[in-house]
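Visitor: I'd like to talk through the aromatic rings in this one. Can you take me through them step by step?

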Amino acid sequence: MHPLGTVVFVVTSAFTLPAREVRLVMGTAAEVQVSGLADPRPALDAAFAALDRVDQRMSLWKSESELSRLNARGRAHASPELLLVLRAALEVARDSGGAFDPTVEPLVRAAGHLGEPARGLTSQELAALLSSVGYQHVHLEGARVSLEPGTRLDLGGIAKGYAADLALGALRQAGARSGVVDLGGSSLAVFGRPVAVTVRDPERADGTPWASFELADRALSTSGGDQRPGHILDPRSGQPASGVLAATVVAKSAMEADALSTAAFVLGAQQGLALLERRRAAGFLLVRENGRAVLRITHGFVRQHRLR
């Protein structure tokens, strides 16, 4: 059983037990499982190499990463991978009305989530930071990315999902019969065999599980739950998002699920679920209503994923 935010998953399959390896990548314990290969080691290495490549390009914890250099200079010709992720991030930002926004970096840094001490901002200082936050401050001309003064990018809410997609693709390319990529309890991507997912109580680790469902040939991302309190900021206000205990999204790609789980967490149940359905994703939000924790689910999720 492996933790994934507010869910834990157990692989259930008629196939033989998969090869499994865990390595520290992207600042988290990344687990990759693969089956159907006589020698799984090259496939595992390829999957972890894909994760590391994304980390080298898009981490804000590495001063020489492509993203850090772009933030420092304010403009650059982006690599195809960075450009792909940035375009996807801007698309979700527009569709969510800025509830998910890759320009949130100044707020994240001020809140102390990038390794620096948290800063107590005055209302004037917060307003100044907010003036540089917003997807409209990012300009793309072909592969050239330009940031308006003060605007800086943070792809932490989408790059991990993209990395999971690449790692799963590496397993497919190696000819694997099935594969699982789990990135530290926030992103899960699978193919070739179903994964049973159990939803646990985000407020009590020893609480009774809420429900379970099946994930097959899809990706899942969860935001909130047992992650750091207050770590998800509303880019529109600069304040920690509140009102949702946890948001879990199932989509065709882990990149899409990653961005949408953050957006739904910020938007709340009504607007968050509407966003998921508008983008042909599925999922649920755990919210507190009248003192009770309630599960709000997209239409068709129970049938499609055998929620029980």
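Visitor: How many aromatic pairs does the count come to?
Guide: Keep in mind that this is a predicted model. Rings pair if their centres lie within 6.5 Å. By this rule, the count is three.

Visitor: Take F213 and F284: is that pair stacked, tilted or edge-to-face?
Guide: The ring centres are 5.8 Å apart and the planes sit at 80°. Planes over 60 degrees apart count as edge-to-face. So F213 and F284 are edge-to-face.

Visitor: How many residues apart in sequence are the parts that this pair ties together?
Guide: F213 belongs to strand β11, residues 211-215. F284 belongs to strand β14, residues 282-289. The pair therefore links parts whose separation in sequence is 71 residues.

Visitor: Which residues form one aromatic cluster?
Guide: F284 pairs with F213, and F284 also pairs with F301. The cluster is made up of F213, F284 and F301.

Visitor: Which residue lies over the face of F191?
Guide: A charge over a ring needs CZ of Arg within 6 Å of the ring centre. Here the distance is 4.2 Å, and the residue is R172.

Conventions
Residues numbered from 1 in each chain as written. Predicted model: local features only at pLDDT ≥ 70, side-chain atom pairs only at ≥ 80, totals over all residues. Heavy atoms only, no water. Phe/Tyr/Trp six-rings, centres within 6.5 Å; stacked < 30°, edge-to-face > 60°. Helix = DSSP H or I, 4+ residues; strand = E, 2+ residues; numbered from the N terminus. Lys NZ or Arg CZ within 6 Å of the ring centre and 35° of its normal.
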